[in-house]
Amino acid sequence: MKIVSLQSVGLGASYSRGDGEQISAPYEIYVGTTFLNSAGNSLDVTVTEINYQQGDFDAYGFEIYTVHTSDGHIRVLPADKYIAEWSE
C-alpha cells in the first residue's frame, strides 16, 4: 500500500464569500500533481511520492509524512495535521 494524497486537518486557507460567510478550504497534496505553496501558487515541481514515518527523537515519539518532489527536495509534514489516502 502507498499514500496517494494528503489533506490538511485544521490547516489551509480561509475565504470570505460575498455574503460574508467564512469558508475554510483544506490544503491538499496529490501524487503526480504540481506542488502548491501555502498561497496556492505553483512551485513548478511535481509530487512524486508520499511516505509515512514513525520514530523516536529524544525519547519522544513522532510521526511525519515526507513529500518527495521532482526537484529532489523532501518536505516534512506533521502526521497529526494531515489525513492520508492510501491505495494499492
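Biologist: Why is Trp86 called partly exposed?

Modeller: This is a predicted model, and its values are computed from the atoms. Trp86 has a relative accessible area of 41%. Buried means under 20% and exposed means over 50%, with partly exposed in between; Trp86, at 41%, is therefore partly exposed. The residue lies in strand E9.

Biologist: What makes Trp86 part of a nonpolar patch on the surface?

Modeller: Trp86 forms this patch together with Met1 and Tyr52. Patch residues need over 30% relative accessible area, and Trp86 has 41%. Nonpolar side chains are joined into a patch within 5 Å. The accessible area of the three residues together is about 350 Å².

Biologist: Why does Ser8 count as buried?

Modeller: The relative accessibility of Ser8 is 5%. Since buried means under 20%, Ser8 is therefore classed as buried. Ser8 is found in strand E1.

Biologist: Which residues does Ser8 touch, leaving aside those up to four places away in sequence?

Modeller: Ser8 touches Pro26, Tyr27, Lys81 and Tyr82.

Biologist: How do you know that Ser8 makes a polar contact with Tyr27?

Modeller: The side chain of Ser8 reaches the backbone nitrogen of Tyr27 at 2.7 Å.

Biologist: Which residues touch the most other members of the largest nonpolar core?

Modeller: This core has 14 residues, and those touching the most other members are Leu6, Ile29, Phe35, Ile50, Tyr65, Val67 and Leu77. Strands E1 (2–8), E6 (42–57), E7 (60–69) and E9 (82–87) each supply at least two residues of the core. E6 gives the most, with three residues.

Biologist: What does Ile50 touch, not counting residues up to four places away in sequence?

Modeller: Ile50 touches Ile3, Val4, Ser5, Leu6, Ile29, Val31, Tyr65, Thr66 and Val67. Among them, Leu6, Ile29, Tyr65 and Val67 are also named, like Ile50 itself, as core residues that touch the most other members.

Biologist: How many helices and strands does the protein have?

Modeller: The protein has zero helices and nine strands, and the pattern read along the sequence is β-β-β-β-β-β-β-β-β.

Biologist: How much of the protein counts as buried?

Modeller: Of its 88 residues, 23% count as buried. The accessible surface comes to about 6100 Å², and 50% of that belongs to carbon and sulfur atoms.

Definitions and conventions:
Residues are numbered from 1 along each chain as its sequence is written. This is a predicted model: local features need pLDDT of at least 70, side-chain atom pairs count only at pLDDT 80 or more; totals for chains, interfaces and linings use all residues. Side-chain values use heavy atoms; hydrogens and water are left out. A nonpolar core is a set of buried Ala, Val, Leu, Ile, Met, Phe, Trp, Tyr and Cys residues joined through side-chain atoms within 4.5 Å. Buried means under 20% relative accessible area, exposed over 50%, partly exposed in between (1.4 Å probe, protein chains only). Helices (H or I, at least four residues) and strands (E, at least two) are DSSP runs, numbered from the N terminus. Contact means heavy atoms within 4.5 Å. Patches are made of residues with over 30% relative accessible area and no salt bridge: like charges are joined within 9 Å, nonpolar side chains (Val, Leu, Ile, Met, Phe, Trp, Tyr) within 5 Å. Accessible areas come from the Shrake-Rupley method with a 1.4 Å probe; for residues, only the protein chains shown count as cover. A salt bridge is a side-chain nitrogen of Lys or Arg within 4 Å of a carboxyl oxygen of Asp or Glu. A polar contact is a pair of N or O atoms within 3.5 Å; within protein, one must be able to donate a hydrogen and the other to accept it, and residues adjacent in sequence count only if both atoms are side-chain atoms.
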